[in-house]
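We'll walk through it one piece at a time.

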Amino acid sequence: MAEEKHTNGEPGADLNRREFFVRLGLGSLGIAAAGTVAFGYQFLSPNVLYEPSPIINAGKPESYALDSVTLDVNSGIYIIHSKEGFFSLSAVCTHLGCLTAWKPDSGIIACPCHGSKFKRDGEKIEGPAPRPLPWKRVWLSEDGDLMVDRSVDIRPMEFVRV
Amino acid sequence: MAKPIAQYFEDVRETRVWRSIFRSGTGASTLHRALAIQQNVFLHLLSTKVRRRMLSFSATWYLGTLTFGTFLILVVTGVLLMLYYHPSVPQAYADTKDLQFVVSSGLFLRNLHRWSAHAMVFLVFAHMFKVFYRGAYRAPREFNWVIGIILLLVTLLLSYTGYLLPWDQLAFWAITVGSNIASAVPLMGNKIHFLLLGGNAVNANALLRFYVLHCMILPLTAIFLIAIHFWRIRKDGGLYAHHSEPATLRAQEAKEVR
């Protein structure tokens with residue numbers, strides 16, 4: 001018996017039954033593979049992180065002397081009390097994430113890893129760091145404590161007066 | 001009367017138990033010696049016959065074999081270190097100190113693991129340079145060169161992931177810097193950084209992820225690729241010997257005809 005082939009000009013009508021099922025099978029496998037990639041990506045991204053809160057209580061403003069730069073090693077921020085008021089800088093170098101240090105003798109912030117240098121207001125002086133140190137949001141709590149939100153960058157030169 | 005020692009070995013190899021394990025049989029004939037290689041699940045990856053000259057030190061400096069040797073030392077010492085090491089933030093550093101000062105032979109095993117790791121990176125590079133300057137990467141061995149490059153990357157990743165596990169200051173900042181380099185990838189850099197560390201900073205998730213990569217995923221990848229790497233040596237015509245390569249022989253023939 002001769003093999004029947006239905007070719008009535010409709011799109012896809014030149015497929016015989018075997019080719020149709022092969023394509024159906026390959027298409028299903030493709031969809032399943034794409035789904036596996038999506039599931040894999042979701043599985044590898046944690047939905048809940050047990051990391052420290054980005055909001056820091058930096059204590060009473062009076063404990064920071066005028067013109068002082070104080071590094072909080074655990075949270076990676078500077079609390080700076082300048083003539084214009086209080087502000088907070090990220091102490092994490094914008095190059096590759098090392099913790100920078102305040103050098104009181106030369107009045108600069110320096111990174112020990114690759115030698116980036118910053119001014120006290122975060123502006124970059126030199127080094128491989130591509131960006132200045134970002135300013136962090138600072139406000140006074142109801143109890144009069146200085147609060148810093150590490151997750152929020154603000155524009156420079158926004159001081160908090162006490 | 002006393003038998004020669006070789007005869008004792010020969011007697012063992014004739015026993016029923018030995019013959020049931022090693023199917024190839026005994027004997028000094030070329031066939032038997034070829035079968036001993038060909039019918040062994042581990043050795044059959046390798047060539048059944050090798051030119052005697054290619055087994056001399058000067059032919060290869062044994063760089064590939066030495067690399068594989070350091071890899072075996074790393075697997076054995078690494079598995080032993082795993083018996084005392086917990087990949088958790090409160091315990092990782094203390095366990096490393098315990099291995100150093102409390103566990104019997106712990107110091108020896110840890111140092112052996114560390115020095116073998118350094119040696120393996122050095123040997124992998126030396127092997128690569130030797131292959132490159134001899135021209136042994138050329139057809140038909142191109143694909144084996146590519147496998148070798150991937151093995152180089154796996155070796156470096158093994159070194160990098162192992163670096164975090166002592167959980168000291170050096171480890172913490174090295175991985176902070178290294179993972180921040182990954183975030184320099186265009187568009188998806190921050191996503192890669194997040195997936196690699198399992199969070200935004202080097203923390204408990206990062207330690208566990210690096211531990212699993214270091215002790216499971218990367219070693220298994222390496223073993224898989226090493227098997228292909230060895231098998232391709234045989235398939236691509238054995239160890240590279242310039243004077244007997246088909247291309248060299250064809251060039252010589254062409255010269256003689258002229």
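**A walk through the model**

Let's begin with Asp153(A), which counts as exposed because it has 12 C-beta neighbours inside 10 Å. The cut-offs here are simple: a residue is buried if 20 or more other C-beta atoms lie within 10 Å of its own, exposed if 12 or fewer, and partly exposed in between, with C-beta atoms placed from the backbone. Before going on, keep in mind that this is a predicted model, where local features need pLDDT of at least 70 and side-chain atom pairs count only at pLDDT 80 or more, while totals for chains, interfaces and linings use all residues. Residues are numbered from 1 along each chain as its sequence is written, and chains are lettered from A and ligands numbered from 1 in the order in which they are written.

Back to Asp153(A): you'll find it in strand β10 (residues 146–154) of chain A. Helices (H or I, at least four residues) and strands (E, at least two) are DSSP runs, numbered from the N terminus. Leaving aside residues up to four places away in sequence, Asp153(A) touches Pro134(A), Trp135(A) and Lys136(A). Touching, or contact, means that the C-beta atoms of two residues, placed from the backbone, lie within 7 Å. Lys136(A) is 17 residues from Asp153(A) in sequence, yet their C-alpha atoms are 4.8 Å apart.

Where do chain A and chain B meet, in terms of residues? Chain A puts 9 residues into the contact and chain B puts in 13. On the chain A side, 6 of the residues are nonpolar, 2 polar and 1 charged. For these classes, Ala, Val, Leu, Ile, Met, Phe, Trp, Tyr, Cys and Pro count as nonpolar, Asp, Glu, Lys and Arg as charged, and the others, Gly among them, as polar.

Now over to chain B, which has 12 helices and 0 strands. Its C-alpha atoms fill a box of roughly 65 × 65 × 30 Å along the principal axes. Buried residues are 21% of the 258 in chain B. Take the contacts in chain B between residues at least 6 apart in sequence, and 63% of them join residues at least 24 apart.

For a close-up of helix packing, look at α7 (residues 106–134) and α8 (residues 142–164) of chain B, which pack at an angle of about 160° with their axes 10 Å apart. Axes are lines fitted to C-alpha atoms, for helices over the stretch in contact, and angles run from 0 to 180 degrees between N-to-C directions. α7(B) and α8(B) are therefore roughly antiparallel, a label for angles over 145 degrees, with under 35 being roughly parallel, 65 to 115 roughly perpendicular and the rest oblique. From α7(B), the contact uses Ala117(B), Met120(B), Val121(B), Val124(B) and Met128(B), and from α8(B) it uses Gly148(B), Leu152(B), Thr155(B), Ser159(B) and Gly162(B). That makes 6 nonpolar, 4 polar and no charged residues.

The loop between α7 and α8 of chain B holds Pro140(B), and a cis peptide bond joins Ala139(B) to Pro140(B), with omega about 5°.

Trp61(B), in the loop between α4 (57–60) and α5 (63–82) of chain B, has a positive phi near 55°. With 13 C-beta neighbours inside 10 Å, Trp61(B) counts as partly exposed. Trp167(B), in the loop between α8 and α9 (169–182) of chain B, has a positive phi near 60°. Trp167(B) is buried, with 22 other C-beta atoms within 10 Å.
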